[in-house]
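Subject: Structure handover

Hi,

Here is the structure I promised to pass on. Please open it first, then read my notes below.

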Amino acid sequence: MRSKSLNVIDKRKVEDLERRLKNNGYDVRLSGFFVLSDWKGGIWISSRKMAEVDFSKLNVTTIGMQVAEIGRDGKLKAVAPI
Amino acid sequence: MKVLEDRHSRIFDEGFSYKFDPSIWTIRVNTIKSSMREIEAIFKERGYNFERVPWCPEGLWVWTDHILTKTKEYAEGMITSQNSSSMVPPMALASGEDEVVLDMAASPGSKTTQMAAMMGNEGVIIANDVDKRRLVALHSNVQRCGVVNVATTVGQGEDIWRSGMKFDKILLDAPCTGTGTMNPRVLKSTSERLIDGFSRRQRSLMESAQKSLKEGGVLVYSTCSLEPEENEAIVNFAVESLGMKTVKPDLKIPNEFLSAPIFEWDGEEYGGGMSDSFRILPTGKTEGFFACALSL
């Protein structure tokens, strides 16, 4: 995991993620979190400050909390309780 | 065992005796997902006896035959199992919402999730562990507790300073013999040689932590060991050789849970800074524990 992989999604994308989660039967509200995507086949949320950290010299295994897995079919497969 | 008995008779006041109480659970309310009021109401309804931990507003001692780690509240991350002594280091560190914090030896993550809750799930905690397998428990606790401000990393704590990162706060809950747990298996297997081995490693970790701390930052050193070579000697090394100074956090730990600071052991003097440290006794409610805050 390198800092360049930290893909912080903008507000519109957060709303889109919320909509997708709701379509999958999850009643969630993600506002207030940063959302990191396209990492380890999942969707992760984190604190805002996380985006300021340079992880390039660390051997990172997770960042924040995983809220969803994306299956090979592109559908969300699992969501952690938020 | 005999060696430890002799050592511990020198550490504890005369008349001290340890009594294990298997009926006590110690839990911490996870304020990211619940509140003390909510959990106390649930426990009251179930008829549990409980008492608040004086030094941690989220800590509870609970007397029940129920397995609290198999309750709905535990599964949902509203509560977590954590010894009351181990609540001390995060309280002493008092990390804030905008800070970048390093937890150098984080697994299984009870202190990490406590710090995350204290920070309001803001800021950043880098939770490191040397063993990738041990990170599984940490990941699980972070997910269960709804913690979003933790990044987990795997690597040698001794090398973490090489990343060049500087931290506002550092928790060094060092690997140790664990004699404060009073676990008979641990007590049986602990030798002078083992204590010396841990002590050497703890010095290296302290050196790495000191190099990773921002000027004016705070570091809390802790172990669940009772042995001075793993505790006061390491703090003394930080003060005498690394230019750090001890700090006294404002924690309300009743005297019945504390033993006197150790200023001298086997001819080695540790200096006045030791009066800033906390030596928690192994009682029915607490594990034996050592914690000391230091700053640069």
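One term before the findings: two strands count as paired if DSSP finds at least two bridges between them. Please also keep in mind that this is a predicted model.

**Between the chains**

Strand E3 of chain A (60–63) pairs with strand E7 of chain B (residues 150–154). The sense is antiparallel, over 3 bridges. One bridge joins Ile63(A) to Ala151(B) in E7(B).

The contact as a whole involves 21 residues of chain A and 23 residues of chain B. E3(A) gives the largest share, 4 residues. By class, that side of chain A has 12 nonpolar, 7 polar and 2 charged residues.

**Within chain B**

Chain B has an open sheet of 4 strands. Their order is E2-E3-E1-E4, with antiparallel pairing. Strands E2 (49–52) and E4 (79–81) of chain B stand at the edges. Each has a single partner strand, so one side of each is left without a neighbour in the sheet. From one strand to the next, the twist averages 35°.

Val29(B) has Ile79(B) as its bridge partner in E4(B).

Best wishes

How values were computed. Residues are numbered from 1 along each chain as its sequence is written. Chains are lettered from A and ligands numbered from 1 in the order in which they are written. This is a predicted model: local features need pLDDT of at least 70, side-chain atom pairs count only at pLDDT 80 or more; totals for chains, interfaces and linings use all residues. Two residues are in contact if their C-beta atoms, placed from the backbone, lie within 7 Å. Helices (H or I, at least four residues) and strands (E, at least two) are DSSP runs, numbered from the N terminus. Ala, Val, Leu, Ile, Met, Phe, Trp, Tyr, Cys and Pro count as nonpolar, Asp, Glu, Lys and Arg as charged, and the others, Gly among them, as polar. Axes are lines fitted to C-alpha atoms, for helices over the stretch in contact, and angles run from 0 to 180 degrees between N-to-C directions.
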